[in-house]
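Subject: Structure handover

Hello,

Here is the structure I said I would pass on. Please look it over before reading my notes below.

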Amino acid sequence: MNIKNKFIPIFEPYLQGNEKKYLNICLKTNWISSQGKFIKKFERSLAKYHKAKYCIATSSCTTALHLSLLSLGVDKNSEVICPALSFIAPANMILLTGAKLVLVDIDPVSLTIDPNLIERKITRKTKAIMVVHQFGHAAHMNEIMKIAKKYNLKVIEDNAESFGGYYKKKMLGTIGDLATFSFFSNKIFTTGEGGAVITNNKNLSRNIQLLRDHGMSAKKKYFHTKLGFNYRMTNLQAAIGIAQMEKINKILSIRSKQLKYYEKELSNIRQISIRHYLSWTSKTHWLLTIKFSDSNKVNSFIKYMNSHNIDCRKMIPPISKALHVKKMYKNISFKVSESISKSSVHLPSSTSLTKKQIIFICCKIRLFCKQI
């Protein structure tokens, strides 16, 4: 098929390993639910990759976030700090615990929570800082961890979008008290749906596993010690995850090359800028993000690209724009988050995306920009 006529999606899963083989093992053995050998194997694989002591696989990153907050004792008497620009899941899970959601604007370069604004938001009720390593860029972890230590706060790293990335020489997800991961189909690697929590704290690990499994004692079956949930990953999902982890270095290498192709092709277009990476973060390629100097061109750009069978996506809106959050922030604006959101667009970023397709996408971007 001619590349001009082939639809290029924003993202699609890269399933070119042992996924079918391992899924068939689940089907042949009838281990398809939340029991089975692949779950423990997947947890061990993630823990080993991050050189962490404990890993708990979950049904999604959202449930992983909920379990992390609950394990830290976050409740209706707590406040949790969260970036103002992020996917809604961290904010929703903070609210679900009954805690007060405290939004903080982002840094305009890293697009992660601005460490210079955190301290002024801390009160005696502040329990934790939710850090999101956003769009493949690490958050400012040294500054954040210093603040957390000063005020005796816990730090949760949401690393849904920067798997395999580094802050200086530290792997993302290994710096805070807990870290959560997403394996949704549009992430760097996938289990379809699914998530995980990693930690080096034994007590937190035990509490998270207890909460994940209906609050049921690990020692005495069907003896429930506290209110819990069914936030378990299935053996089917874990089977896919194992196959994905077997080729994670290959996936990250392919994606690194894709980022270089994009950077080369888009470097000299004055109407847009490609997201910048600070020197202390690794360049983790999740969704390629460009920013228009004129935000009014975003809608027409997406329409133009769609007309050429290229799927592009607007940046997520700030959390404060969600209807259930808006009432909490009636007279408060998050200027950087709002500006970045209005002017930014994500480009196709599938692992299977070829150099030829990237050149085609960038050619269309240049043609559009010549018209404005």
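This is a predicted model: local features need pLDDT of at least 70, side-chain atom pairs count only at pLDDT 80 or more; totals for chains, interfaces and linings use all residues.

Residues are numbered from 1 along each chain as its sequence is written, and side-chain values use heavy atoms, with hydrogens and water left out.

Buried means under 20% relative accessible area, exposed over 50% and partly exposed in between, with a 1.4 Å probe and protein chains only. Helices (H or I, at least four residues) and strands (E, at least two) are DSSP runs, numbered from the N terminus.

Leaving aside residues up to four places away in sequence, Phe38 touches Tyr22, Ile25, Cys26, Asn235, Ala238, Ala239 and Ile242; contact means heavy atoms within 4.5 Å.

Helix pairs

Two packed helices are described by the angle between their axes and the distance between the axes. Axes are lines fitted to C-alpha atoms, for helices over the stretch in contact, and angles run from 0 to 180 degrees between N-to-C directions.

The axes of α2 and α8 come within 8 Å and cross at roughly 40°, so the two helices are oblique to each other. Angles under 35 degrees count as roughly parallel, over 145 as roughly antiparallel, 65 to 115 as roughly perpendicular and the rest as oblique. On the α2 side the contact is made by Lys37, Phe38, Ile39, Lys41, Phe42, Ser45, Leu46 and Tyr49, and on the α8 side by Asn235, Ala238, Ala239, Gly241, Ile242 and Met245.

Helices α3 (residues 61-71) and α7 (residues 202-212) pack at about 125° with axes 9 Å apart, and are therefore oblique as well. Here Leu67, Leu70 and Ser71 of α3 meet Leu204, Asn207, Ile208, Leu211 and Arg212 of α7.

For α10 (residues 298-307) and α13 (residues 355-370), the angle is about 135° and the axes are 11 Å apart, which makes α10 oblique to α13. Ser300, Phe301, Tyr304 and Met305 of α10 meet Ile361, Lys364, Ile365, Leu367 and Phe368 of α13.

Arg255

Arg255 sits in helix α9 and is buried, with a relative accessible area of 1%. Apart from residues up to four places away in sequence, Arg255 touches Phe11, Ile188, His285, Trp286, Ser349, Ser350 and Thr351. A polar atom of the Arg255 side chain lies 2.8 Å from the backbone oxygen of Ser349. Ile188 is 67 residues from Arg255 along the chain, and their C-alpha atoms are separated by 8.6 Å.

Positive phi

Leu111 is not a glycine, yet has a positive phi of about 60°. Leu111 lies in the loop between β3 (100-104) and α5 (115-118) and is buried, with a relative accessible area of 4%. Tyr222, in the loop between α7 and α8, has a positive phi near 65° and is exposed, with a relative accessible area of 64%.

Regards

Technical notes: A polar contact is a pair of N or O atoms within 3.5 Å; within protein, one must be able to donate a hydrogen and the other to accept it, and residues adjacent in sequence count only if both atoms are side-chain atoms.
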